[in-house]
Amino acid sequence: MRQTDLVERVLYYDPRADEAVLNKAYVYAMTAHGKQFRASGDPYFAHPLEVAAILTDLKLDVATIATALLHDTIEDTFVTYEDIKEKFGDEIANLVDGVTKLSQLELFSERTKQAENFRKLMLAITGDIRVLLVKLADRVHNMRTLGYIDKPEKRLRIAQETVDIYAPLAGRIGMQNMREELEDLAFAELDAEARNSIVTHFARLDMQSGDRVGRIADQIKRKLAELGLEARVYGRAKRPFSIWRKLQTKKLSFEQLSDIFAFRVILGSTPDCYQALGIIHTNWQMVPERFKDFISTPKPNGYRSIHTTVIGPEKQRVEIQIRTQEMHDIAERGVAAHWRYRERVPDQGLPDSATFGWLRDMVDLLERGDTAEETLEHSKLALYQDQVFCFTPKGSLISLPRGATPIDFAYAVHTDLGNTAVGVKVNCNHVTLHTPLKNGDQVEIIVTKDATPSPVWEKFVVTGRARAEIRRFLRHAQRDEHVKLGRKILEKAFTDEAREMTEKAMEKVAKKLRLPTASDVYADVGRGALRGHEVLEAVFPELKRAGKPPKSGGQSGGKAKPISIRGLTVGIAYTLGQCCHPLPGDRIVGIMSPELGTVIHTIDCAELDKAHDMNDWLDVSWGHNAAESGLSVARVLVRVRNAPGSLAAVMTAIAANGGNIFNMKVTSRNPLFFEFTVDIEVRDVTHLQNIVGALRVNDAVESADRVREAETAT
Ligand code: MN
């Protein structure tokens, strides 16, 4: 095909088409591909030109045809996105960019595991369905020329991918012809023997019975004409692949499989269709359960037609599809035809509303499925819209929730990558680490060996994995600090008592205090959970001082709580801190105050910073039966997807784990998430941990954390 042929083809169906753009794209792409060649030995440019030709069969708009011509330039030549944008504008540049991203992904998609990802990505990137149409046409041409590829394993991979991904996608957007061609080309590669046997069998049938298809078509046409209906009737044998699939799924032999012929009856109007149906059923016996009326109930992708199977004139089962020309057009060209028919509506602004229309088509088509299986798949699609798909520099696909940042990306790849990240390049440009990623971004994390995560990251990451890893790292870092500090405190305590702090002594302490190792002892001392003197006494009981912590001062007769606390004088009044909500199982401290009596705080409560006078500190712990003797209230901060059912899921998870919801308060809400605190009655820390754990694994829940900081208390 030459330049003028292509332009003429487009002008034939779209007289308003902008020839200049087509000519410019033709020359530009041809020049860019220069002396490149295809495996077939053809100049490379023959390929984009054929892809464009396939799309003219679908009567697509100028931008799509130009995109087809340019579709391999970014990937395979020195041409950049910016070049295309400058020469052809945003619309075409973005379309070419979309096709390029799909092609890059294709390079790295391994079968099976990646196939599903690939499909997701296609749909996520293909905000403009024209990208998908160009990609499908590209695949059609590559399949037509598949035989030129030398390596058998490469041919197999491409053929399998075609069956797994492209053919179903073509079918889903209503392009049945394309679907069948793709399947059949792939079939020839994947199982040439099976295909040959079917083709040979057809040939034999034809020899035996002559032009059976032609004869049956004539008979149908004649019967309709007798009653004044003018119709065009096409007959054909079904494609080898669809026959083969039937043989497989229905477990029938070829001889048993009767409906291998399909006829299309095209009429002038919808009432004519029903009349034709009546005539056909009157003349030939209808096969029960094969009748479907997609005219009164169109398929979600817009397909309309009446299907029926009858015992035909030659006692052979034949499938007949009855439809008007417009229905036929939509059946053949799917979503492309939709576009065409919409364009005919006068005064529809271009190109913005056209672009919007495409998007709506895509969403419409994909949101509704016609079988249960498809509906299921489509409900998954809604979820993909919450995701972004990005690439590593080597092309692996990483899928992340929408709003994810380079830090989320880094942790999704590997913990070490996250922990040592210092910067990032997205699509080769430096951006900040909290920049939200977009679909198709290529993300290169810059690392430095000794770098460590910043606590600030926790504020902007969106994935649970990144958050957990950052916390874990910071907790470990903090523990290291505590160990160091604890060791210093103990060294001084030992020195003060003129004792020596030996390894052996410390192991003994650990055992006695039921801590796993000596460094746990240091850590506990470092964070203030254990006092230096306690450790010393554990080694040297003779150092024990009588009446060590000041325990007096509480008024007796205060209202006793059901939860027993050791270390308090019997009858002393105490309350549990409203700041930190201590639970049985937490390490706790009592602080005496003249106004409140003794208040029990968790060891890490910020309120403790205010209690400087160590004489006010009481060494307390939970009684043996604290967990059994009553319920405590714990506060949990939950962040859920802002979606129907999220809240109910949280309630259910809490109740299912024996928690009783006491109080709830929404703290923030945005289109993606909302956050609330929930007060839950629990027995102890373990019980709470079970509940929080159950929340964290719940799909609706983004994060769930116990609230212990004073500033978040009401
Ligand atoms: Mn291509």
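Which residue in S11 is the bridge partner of Val-426? We will get there at the second stop.

Before you start, note that this is a predicted model, where local features need pLDDT of at least 70, side-chain atom pairs count only at pLDDT 80 or more, and totals for chains, interfaces and linings use all residues. Residues are numbered from 1 along each chain as its sequence is written, and side-chain values use heavy atoms, with hydrogens and water left out.

**First stop: two helices**

Select residues 3-13 (helix H1) and 19-33 (helix H2): their axes come within 10 Å and cross at roughly 145°. Helices (H or I, at least four residues) and strands (E, at least two) are DSSP runs, numbered from the N terminus. Axes are lines fitted to C-alpha atoms, for helices over the stretch in contact, and angles run from 0 to 180 degrees between N-to-C directions.

Now show side chains. From H1, Gln-3, Leu-6, Val-7, Val-10 and Leu-11 make the contact (heavy atoms within 4.5 Å); from H2, the residues are Glu-19, Leu-22, Asn-23, Tyr-26 and Val-27.

**Second stop: a sheet**

Move on to the open sheet of three strands, ordered S10-S9-S11 with antiparallel pairing. Strands pair if DSSP finds at least two bridges between them. At the edges, pairing on one side only, are S10 (429-431) and S11 (443-447). Neighbouring strands are turned by 35° against each other on average, direction ignored.

Zoom in on S9 (residues 421-426), which pairs with S11 over five bridges. Here is your partner for Val-426: Val-443.

**Last stop: a helix across the strands**
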